[in-house]
Amino acid sequence: MRMRPSEISNVMSTAASQYGLISHRQALCCGLDDTRIHRLLRRREWVCALPDVYAVRPLSAGTGSSRSADGIRLRRAVKAAQLALGPAAVASGPTAARLWGIQGLPRWNGREVHIALPAPCGGGADLPGVRTSTLLVGRHEADRKDRLRITSPGRTLRDTVPTVDRATAVALMDSALYRGLLTWRELLAQPPLNACRPGAEASEAWWGLADPRASTPLETRIRLLCTDAGLPPDDLYPQELAEGGGPVPGRPVRAPLWWRKGALIVDPVGAVPPRLQEELEAARPSATVLRPTWDDLARPGALTGAVAAVVAAGAGP
């Protein structure tokens, strides 16, 4: 027995707001019974995404770039987990960071999502592709984005920072600040709330290294690398770089990382749009401009050596 038009309409309307997904309970509420649900699954008209959660239509094609397609798959995976685990399930940690658009993490592996679930709810540990934590998320620490329940930016960082290395942690904090997801004061309020959690003590000093001016993770990592080598930049994105300290005609031209000694500009790939690179060089024609890439991070000594050479030459005898 096929679905009646009213049932089809109810199912598709429900799934449309859930990335093409519907739960078993919702399907029953739409007028279906277990027999018809099982028949749809046998015919592969529906596909089981998680236990008692079904994909009733495929992901839409033409999602643009592979990264945007990853974003849709991630949101669908999170929605499936939340339908399976119930209303207390909240996307958290690295998954929440990716949903907020906070940069700095490796590309999503397409297989695992992180969900916070209060201990009494239980039952989530065995779901394939779902890593659950039994951490209580207060009402003020939860938010909604893209029709998903998700931890707030501050709570997201607090859950993620102790689980990653320093460079990744600072890149995440820089990105959250740069995107205006939280203020500097809100960021610095997070470490005390992490007391006694694994990794909290080791990561406590990292929070003060964040800088809201950093626009890319590569820029953050180069800043930390040079600082660790005793070569901290004098400024990030200074407002004026024209020769003689005068204003640049038109809009200000700003450099990501700037060293006064040697007049050195480090412009990590992706930090300044290509159309502004000529303006950047014209603002300080006597400056040395280095444009490191991600590959250069594999040779940190060469990168810091290049910076040191320019700075030393500018320092004079």
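The questions below ask how some descriptions of this predicted model are reached.

In this predicted model, local features need pLDDT of at least 70 and side-chain atom pairs count only at pLDDT 80 or more, while totals for chains, interfaces and linings use all residues. Residues are numbered from 1 along each chain as its sequence is written, and side-chain values use heavy atoms, with hydrogens and water left out.

Q: What makes a stretch count as a helix or a strand, and how many of each are in the protein chain?
A: Both are DSSP runs, numbered from the N terminus: helices are H or I with at least four residues, strands are E with at least two. The protein chain has 13 helices and 12 strands.

Q: Why is T220 called buried?
A: Buried means under 20% relative accessible area, exposed over 50%, and partly exposed in between (1.4 Å probe, protein chains only). T220 has 0% relative accessibility, so T220 counts as buried. T220 lies in helix α11, where the buried residues also include L218, I222 and L224.

Q: Why does I37 count as buried?
A: The relative accessibility of I37 is 0%, and therefore I37 is buried. I37 sits in helix α3 (residues 34–42).

Q: What is I37 in contact with, leaving aside its neighbours within four places in sequence?
A: Contact means heavy atoms within 4.5 Å. On that basis I37 is in contact with H24, A27, L28, L32, W46 and Y54.

Q: How do you know that the span of α11 is close to the expected one?
A: The expected span is 1.5 Å times one less than the number of residues. Helix α11 (residues 217–228) has 12 residues, with 16 Å expected, and reaches 16 Å from its first C-alpha to its last.

Q: Why are α7 and α11 called oblique to each other?
A: Angles under 35 degrees count as roughly parallel, over 145 as roughly antiparallel, 65 to 115 as roughly perpendicular and the rest as oblique. Helix α7 (residues 166–178) packs against α11 at about 130°, with the axes 9 Å apart. Axes are lines fitted to C-alpha atoms, for helices over the stretch in contact, and angles run from 0 to 180 degrees between N-to-C directions. The two helices are therefore oblique.

Q: Which residues of α7 and α11 make the contact?
A: Among them are A167, V170 and D174 of α7 and P217, T220 and L224 of α11. Leaving aside neighbours within four places in sequence, T220 is in contact with A167, V170, A171, D174 and A214.
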